[in-house]
Amino acid sequence: MNKVINKIIHNVQNTTVDKTCINFYNIIMNDVIVAVCTPMLKSALCVIRVSGEGTEKITRQLFGELEPRRVYYKNLVTEKITDSVVAVFFRAPASFTGDDTLEITCHGNPLIANAIVEHVYKLGARPAQNGEFTRRAYLNGKTDLTGAEAIKDIIDADTEKGVNLAYSASEGALFNKIREIQENLRDLIAQTEVAIDYPEEELEEFTQNQLQTKLVEIKSQCENLKNSYESGKIIKEGVKVAIIGKPNAGKSSLLNRLVGEETAIVTEIEGTTRDVVRGKYIHRGICFLVADTAGLRDAEDTVEKIGVRKSKEEAEESDLVVYLRERGDDFEQFINKISVKKRVIVVKNKSDVECDEDAEINVSALTGKNIDALKDKICEACVKGVDAEVMLTNRRQYDCMCECESNLKNALQNLGCITLDCISSDLELGYNALGKITGLIGSDEIIDSIFRNFCVGK
Ligand code: GDP
């Protein structure tokens, strides 16, 4: 029986290799690409990367024979400039891209970098497109899609937590989790297929109850991962906080105090803030994106009216609203007015002058009183479960996970009502949806859209 199951596992694995991936791989040329990987600014050093078939020949033309993975200090002579550089040659497949790769570290002057790149063009390379190095790494099997996306996240991260989460994804934490779920699902599909194809074997041990129990287990693994997106998104994109309240409540002062710099203009004149002013601060490793909005009042002037509308929209789009309550404010009316179902923290500002016992917290933007406590409160209100090591961090991964979950849900609902082969087909659809996350099942379109967002040189 084990032989039968193994054979079916083999079939399941083979059917999940997406043809589009193979076609895509074939049409990508393995020509030599070159790009500057560091910002084009004056700096101590600058890194230029060359990769593809033919890199070894270019390396020889530039520096003579280089032993792979050894660091060389060389003079690089081009038509326009000569610079002393450090060069390392990596022979395929032991390189970032999986192709032959040369890394040149020159002095950080854009003039030098451009001259070297132009020189390498003349030796047969072409400019790399956005994300083309990482795309090749993916196509050469050096990383999966979650790892490739994580590399971009490492570069884009605004917080240490963001860097650490992206780092563990780049090391395969998310990939391994997805594969673990896929393997469980694959075993289940195999057992279902056995029951369909070999009914005479009378698989007593594989009852419908067992199928149900295992399916519930796998579905809950998917749900946990799907729910991690909320935290992953917070770590990656930060928490949006809108400060709302009447004119002169101290919204601009609070924004300045929270972000620790003069971002918004503070005056005694009502209606000074007409457009949304933004700032950000980091607290407990999370980035908070704060918006100071126009005061909520029945504005007469057209520009101010637009400002008031914008502040309502801002509250709508934020993750949390900080409402600066003034004496005599009708909180209920405010909630109805902005019609948001967001978590609202009711704050009394100017507590250096007077306090309000009905507010959740009394602060003073002027003196800084209770500002850290307010930051804690904001953080506790919307940041939960951000210490997990594996999380989904983008919409694409989340959508694929939802697709998988919905297929598993269908399978579970239909258990006992329809034939096993329909159940098996739902399970396979779920398996494939997971494969889209790692890119083991993918379409050109998805892959293109991922790498298009990378910078050149990555
Ligand atoms: P906004 O219209 O809600 O943005 O309010 P502003 O930040 O422009 O502040 C309006 C006025 O209140 C200014 O004169 C501020 O100096 C003053 N103000 C802001 N926060 C405090 C505070 O905590 N205590 C006191 N005493 N005055 C404050």
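Me: In which helix does Tyr-398 lie?

Reply: Tyr-398 lies in helix H14, where a helix is a DSSP run of H or I with at least four residues, numbered from the N terminus. Before we go on, note that this is a predicted model, in which local features need pLDDT of at least 70 and side-chain atom pairs count only at pLDDT 80 or more, while totals for chains, interfaces and linings use all residues. Residues are numbered from 1 along each chain as its sequence is written, and side-chain values use heavy atoms, leaving out hydrogens and water.

Me: Which residues does Tyr-398 touch, not counting those up to four places away in sequence?

Reply: Contact means heavy atoms within 4.5 Å, and on that basis Tyr-398 touches Lys-226, Tyr-229 and Leu-392. The C-alpha atoms of Tyr-398 and Leu-225 are separated by 8.7 Å, although these two residues are 173 residues apart along the chain.

Me: How do I read the packing of two helices, and at what angle do the axes of H14 and H15 cross?

Reply: Two packed helices are described by the angle between their axes and the distance between the axes. The axes are lines fitted to C-alpha atoms over the stretch in contact, with angles from 0 to 180 degrees between N-to-C directions. Here the axes of H14 (residues 395-414) and H15 (residues 420-438) come within 8 Å and cross at roughly 170°, which makes H14 roughly antiparallel to H15; angles over 145 degrees count as roughly antiparallel, under 35 as roughly parallel, 65 to 115 as roughly perpendicular and the rest as oblique. The residues that meet include Cys-400, Cys-404 and Leu-408 in H14 and Leu-427, Gly-430 and Leu-434 in H15.

Me: How do the axes of H10 and H13 cross?

Reply: The axes of H10 (residues 251-259) and H13 (residues 371-382) come within 10 Å and cross at roughly 85°, so H10 is roughly perpendicular to H13. Leu-254, Arg-257 and Leu-258 of H10 make this contact with Ile-371, Leu-374 and Lys-375 of H13.

Me: Which residues come nearest to the ligand?

Reply: A residue is near a molecule if one of its heavy atoms lies within 4 Å of it. Of the 18 residues around the ligand, Asn-248, Lys-251, Ser-252, Ser-253 and Asp-352 come nearest. An N or O atom in the side chain of Lys-251 is 2.7 Å from an oxygen atom of the ligand, and a backbone N or O atom of Leu-366 lies 3.1 Å from a ligand oxygen atom. Taken alone, the ligand exposes 580 Å², of which the protein buries 86%, with areas from the Shrake-Rupley method and a 1.4 Å probe.

Key. A polar contact is a pair of N or O atoms within 3.5 Å; within protein, one must be able to donate a hydrogen and the other to accept it, and residues adjacent in sequence count only if both atoms are side-chain atoms.
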